[in-house]
Amino acid sequence: MLSYSPSALIAFALPKWEADPDVRIVDAYKWLYQATRGGEHLVLNLKTAVEALEREWLSLGTPCEGELLWEPLSPDEEIGRLHIRPFKNRGGNIGDLADAFVASSEAYGSSPEKFLNAWNELGRRLNNRLDSPLNHSKWSRLDADMKETNYPAISHSDAYRAARHPSYRILTAEEAKRLINAAI
């Protein structure tokens with residue numbers, strides 16, 4: 001997969017981040033991580049991943065205002081976030097979602113190298129920015145912290161969590177389309 005360049009990924013994502021007042025540099029990092037690595041980090045232990053989805057599913061209310069069902073993370077739209085509240089609200093099935101998540105995690109070509117290339121491209125693009133939630137100074141601090149721990153998966157920022165209450169799974173477009181068509 002990953003048929004696009006790091007530059008194309010940043011060109012796709014940066015305007016979306018800039019338009020969202022709740023996105024911080026850690027949210028941009030998380031987006032790039034998911035766009036290049038998929039959801040594999042959550043499926044390392046299948047039983048734990050399914051149990052976490054079950055707990056989350058039971059805790060969900062109605063969709064948030066403006067919450068998308070599908071949010072592409074890449075310019076080719078082959079990977080994205082399937083938001084669980086709207087999926088559940090449309091009659092989606094948790095077992096089907098769990099299966100799609102696992103299948104997507106196994107099928108998507110995770111690439112640590114492409115993540116680093118995209119992350120570094122973002123750093124270059126932010127080089128002249130000073131007064132923004134996404135600026136080079138914040139990128140540099142996060143980069144230094146993440147480098148020490150070999151660029152792991154991270155959580156959303158407090159601002160993003162407070163505004164969005166994120167609840168999604170990373171799926172391939174193929175799996176997302178299958179689920180969405182079944183839930184309609």
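**Salt bridges**

Guide: Asp 158 is exposed, its relative accessible area being 57%. The model is a predicted one. The salt-bridge partner of Asp 158 is Arg 161, with 2.3 Å between the closest N and O atoms. Arg 161 is partly exposed, at 35% relative accessibility. Both residues belong to helix H8 (residues 158-164), where they are three residues apart, so about one helical turn separates them. A network is also present: salt bridges with shared partners join Asp 20, Asp 22 and Arg 164.

Another pair lies in helix H6 (residues 112-125): Arg 125 and Glu 121 are four residues apart there, which again puts about one helical turn between them. The closest N and O atoms of this salt bridge are 3.0 Å apart. Arg 125 is partly exposed, with a relative accessible area of 32%. Glu 121 has 15% relative accessibility and counts as buried, because the cut-off for buried is under 20%.

A further salt bridge joins Arg 81 to Glu 71, and its closest N and O atoms are 3.8 Å apart. Arg 81 is in strand E2 (residues 79-83) and Glu 71 is in strand E1 (residues 70-72), so this pair ties together parts that are 10 residues apart in sequence. Both Arg 81 and Glu 71 are buried.

Over the whole structure, the search finds nine salt bridges, among them Asp 158 with Arg 161, Arg 125 with Glu 121 and Arg 81 with Glu 71.

Definitions and conventions. Residues numbered from 1 in each chain as written. Predicted model: local features only at pLDDT ≥ 70, side-chain atom pairs only at ≥ 80, totals over all residues. Heavy atoms only, no water. Salt bridge = Lys/Arg side-chain N within 4 Å of Asp/Glu carboxyl O. Helix = DSSP H or I, 4+ residues; strand = E, 2+ residues; numbered from the N terminus. Buried < 20%, exposed > 50% of the residue type's maximum accessible area, 1.4 Å probe, protein only.
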